[in-house]
Amino acid sequence: MPLPYASAGQMLLPISRPSFRAGSRPTLTDRFLAFDAEHPYVYRALERLTAERLATGATRVGLKALFEDLRWQLPAGVRGLNNDFTALYARKLIEDHPHWAPAFELRRRRTP
């Protein structure tokens, strides 16, 4: 259902938790959600790479290593695959695939 304040052609980003610091720069979460919405194939590639690693018998998966693999596979024009997003992608993978949780080491988030 379209929101009343959105024009017909306007794309709304799925911001689950918008920045609470009005007037300031976007938070890491805001930037991640915008990047993820614009480049959904990045998440699908991370899912594929994670499944491949686990299928080979790996018990631990490092998202930074997957990011480096992905950088070699992505088209040269893609920018913004920021290492700051690795923890958020790990959390998203665990949310969508709870049985993968033991393969990732997560730390407490200090910033929004």
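## Packing around leucine 66

Leaving aside its neighbours within four places in sequence, leucine 66 is in contact (heavy atoms within 4.5 Å) with Leu46, Leu49, Thr50, Arg53 and Val61. The model is a predicted one, in which local features need pLDDT of at least 70 and side-chain atom pairs count only at pLDDT 80 or more, while totals for chains, interfaces and linings use all residues. Residues are numbered from 1 along each chain as its sequence is written, and side-chain values use heavy atoms, with hydrogens and water left out.

Leucine 66 belongs to helix H3, residues 63-73, where helices are DSSP runs of H or I with at least four residues, numbered from the N terminus. Its relative accessible area is 0%, so leucine 66 is buried (under 20% relative accessible area, with a 1.4 Å probe and protein chains only). Between leucine 66 and threonine 50 there are 7.7 Å in space, C-alpha to C-alpha, although the two are 16 residues apart in sequence.

The buried residues of H3 include Leu63, Leu66, Phe67 and Leu70. Viewed down the axis of H3, its buried residues fall within an arc of 105° (taken from the directions from the helix axis to the C-beta atoms), and they therefore line one face of the helix. Among the elements that cover these buried residues of H3 are H2 and H4.

Two packed helices are described by the angle between their axes and the distance between the axes. Here the axes are lines fitted to C-alpha atoms over the stretch in contact, and angles run from 0 to 180 degrees between N-to-C directions.

| Helix pair | Angle | Axis distance |
|---|---|---|
| H2 and H3 | about 120° | 10 Å |
| H2 and H4 | about 70° | 11 Å |

H2 and H3 cross in a right-handed manner (the near helix is turned clockwise from the far one by less than a right angle). On the H2 side, the contact involves Val42, Ala45, Leu46, Arg48, Leu49, Thr50 and Arg53, and these meet Leu63, Ala65, Leu66, Phe67, Asp69, Leu70 and Gln73 of H3. By class, the residues of this contact of H2 with H3 are nine nonpolar, two polar and three charged.

Helix H2 comprises residues 40-55 and helix H4 residues 86-96, and the two are therefore roughly perpendicular to each other (angles of 65 to 115 degrees). The crossing in which H2 passes H4 is right-handed. Val42, Tyr43, Leu46, Glu47 and Thr50 of H2 are in contact with Tyr89, Lys92, Leu93 and Asp96 of H4, and the contact of H2 with H4 divides into five nonpolar, one polar and three charged residues.

Methods. Angles under 35 degrees count as roughly parallel, over 145 as roughly antiparallel, 65 to 115 as roughly perpendicular and the rest as oblique. Ala, Val, Leu, Ile, Met, Phe, Trp, Tyr, Cys and Pro count as nonpolar, Asp, Glu, Lys and Arg as charged, and the others, Gly among them, as polar. Buried means under 20% relative accessible area, exposed over 50%, partly exposed in between (1.4 Å probe, protein chains only).
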